[in-house]
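This report covers a ligand site, the strand pairing and some backbone angles. The sequence and the model come first.

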Amino acid sequence: MFLTHLDCPRCETRHAADRPQNLCDCGSPLLARYDLDAVRAAVSPADIAGRGADLWRYRELLPVADPTDVVTFGEGWTPLLPAARYGAHIGLPNLLIKDEGLVPTGSFKARGAAVGVSRARELGIRHVAMPTNGNAGAAWATYAARAGLRATIAMPLGAPTITRNECLAAGADLLLVDGLINDAGRQVAAILAESGGMIFDASTLKEPYRLEGKKTMGLEIVEQLGWRVPDVIIYPTGGGVGLIGIHKALRELRELGWIEDRMPRLVAVQSSGCAPIVRAFEAGARRAEPWVDAATVAFGITVPAPLGDELILDAIAGTDGTAIAVDDAELLADLREFGSLEGLLLCPEGAACLTAARRLRADGWLGAADEVVVLNTGAGLKYPETVAAEGPAPNAD
Ligand SMILES: *Cc1c(COP(=O)(O)O)cnc(C)c1O
Ligand SMILES: [Zn+2]
């Protein structure tokens with residue numbers, strides 16, 4: 001294994017990686033660091049090309065020492081699909097969709113769970129707990145069951161019903177909370193305090209390895225383009241772990257010398273019903289203020305107070321990217337239009353990115369020649385209500 005330690009990006013304190021860790025004493029999330037010189041000497045892009053079609057093909061850049069600790073359902077290596085018809089329609093002929101709907105449990109959260117649960121098991125953790133907007137809890141419950149770990153999941157009542165049922169099916173202890181993810185977080189904090197250290201806090205960014213799983217989306221985009229970066233990557237941002245992870249992946253690849261210096265511009269998409277990052281970005285602030293009365297159909301991005309706000313804002317600013325908020329009505333219309341032109345049923349969070357792409361093209365921030373990758377972070381099938389409301393179209397004959 002090439003993992004050496006954990007770094008605090010805020011106060012630069014170094015932390016040991018050989019025992020369970022949560023936040024730095026200063027309150028910042030921690031980032032996993034690798035001996036990249038040793039990785040470069042040990043493996044090349046050509047070696048990786050011949051490996052299995054899952055995220056473990058990047059094992060030198062992942063934090064699991066013993067292959068027998070890997071907990072997997074074959075997650076990763078999702079298709080990067082050209083969407084030329086829809087792309088031409090919105091003035092972006094080089095539009096690509098990375099479809100995370102095909103990942104086990106139906107969302108990219110399985111990437112974080114696969115790596116986070118594998119490392120937790122390796123470090124001797126027996127029981128994990130976390131608040132969730134649904135998909136993360138479903139993924140962690142599923143991978144924890146496969147690893148023989150216990151999982152306690154706290155979820156808002158408004159989260160997609162299927163994610164609740166997935167937790168129960170995987171034998172997790174499920175707590176339904178009348179509120180939002182931050183309210184669920186308070187319940188988890190109380191449970192952790194009572195457990196006397198027997199339960200590990202696996203909340204978003206409070207443990208460092210879920211991010212490592214999510215960064216593999218960035219590694220895959222680059223490898224699938226032939227070890228080349230696109231011009232722009234558009235990501236639906238809730239906790240922001242995927243965006244921070246993609247940014248981290250790109251920086252590691254650059255340090256390895258596997259890609260050129262140029263970075264893709266990273267775009268954080270939020271809902272106008274919950275847009276703390278967009279508001280902070282527009283104000284030029286370093287931190288985001290909590291969003292009051294958050295609500296959107298794109299439930300996965302309903303995160304009023306993301307812990308990784310500084311890292312998200314750094315990823316955007318450091319790549320000349322931007323942040324944009326879109327309305328539910330727009331994203332639902334784009335979801336349907338995309339389905340009718342390309343056939344793929346997106347999740348609402350993925351559709352929000354198409355709305356962002358369309359608007360950024362219309363106002364000139366995106367150019368017609370830009371190669372744009374949109375992350376569809378989950379399967380549309382997990383959100384049947386987004387397409388259920390209308391009956392069949394009247395027969396034209
Ligand atoms: C969790 C989630 C998001 C947001 O992911 P972050 O990396 O936490 O910002 C987006 N889409 C879906 C479908 C999700 O489940
Ligand atoms: Zn610190």
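## Conventions

Two strands pair if DSSP finds at least two bridges between them. Helices (H or I, at least four residues) and strands (E, at least two) are DSSP runs, numbered from the N terminus.

The model is predicted, with local features needing pLDDT of at least 70, side-chain atom pairs counting only at pLDDT 80 or more, and totals for chains, interfaces and linings using all residues. Residues are numbered from 1 along each chain as its sequence is written, chains are lettered from A and ligands numbered from 1 in the order in which they are written, and side-chain values use heavy atoms, with hydrogens and water left out.

## Parallel sheet

Strands E6 (residues 127–131) and E7 (residues 150–156) run parallel and are joined by five bridges. Within this pair, His127 is placed opposite Arg150 of E7.

An open sheet of four strands has the order E8-E7-E6-E9, with parallel pairing. Its edges are strand E8 (173–177) and strand E9 (200–201), each of which pairs on one side only.

## Antiparallel pairing at E1

Strand E1 (residues 3–7) runs antiparallel to strand E3 (residues 31–34), and four bridges join them. Leu3 stands across from Tyr34 in E3.

E1 also pairs with strand E2 (residues 14–15), in the antiparallel sense and over two bridges. Here Asp7 faces Arg14 of E2. The hairpin of E1 and E2 has six residues between the strands, and Glu12 in this hairpin takes a positive phi near 65°.

## Ligand 1 site

The shell around ligand 1 has 17 residues, the closest being Lys109, Tyr235, Gly238, Gly240 and Thr377; a residue belongs to the shell if one of its heavy atoms lies within 4 Å of the molecule. By class, six are nonpolar, eight polar and three charged. For this count Ala, Val, Leu, Ile, Met, Phe, Trp, Tyr, Cys and Pro are nonpolar, Asp, Glu, Lys and Arg are charged, and the others, Gly among them, are polar. Strand E10 (232–236) and helix H9 (241–256) each supply at least two residues of the shell.

An N or O atom in the side chain of Lys109 is 2.8 Å from a ligand oxygen. Backbone N or O atoms also contribute: one of Gly239 at 3.2 Å and one of Val241 at 3.1 Å. The protein covers 96% of the 380 Å² of accessible area (Shrake-Rupley method, 1.4 Å probe) that ligand 1 has on its own.

## Positive phi in loops

Most residues other than glycine have a negative phi. Trp227 has a positive phi near 60°; Trp227 lies in the loop between helix H8 (210–224) and E10.

Asp320, also not a glycine, has a positive phi of about 55°. The loop that holds Asp320 is between helix H11 (309–317) and strand E12 (322–326).

Technical notes
A polar contact is a pair of N or O atoms within 3.5 Å; within protein, one must be able to donate a hydrogen and the other to accept it, and residues adjacent in sequence count only if both atoms are side-chain atoms.
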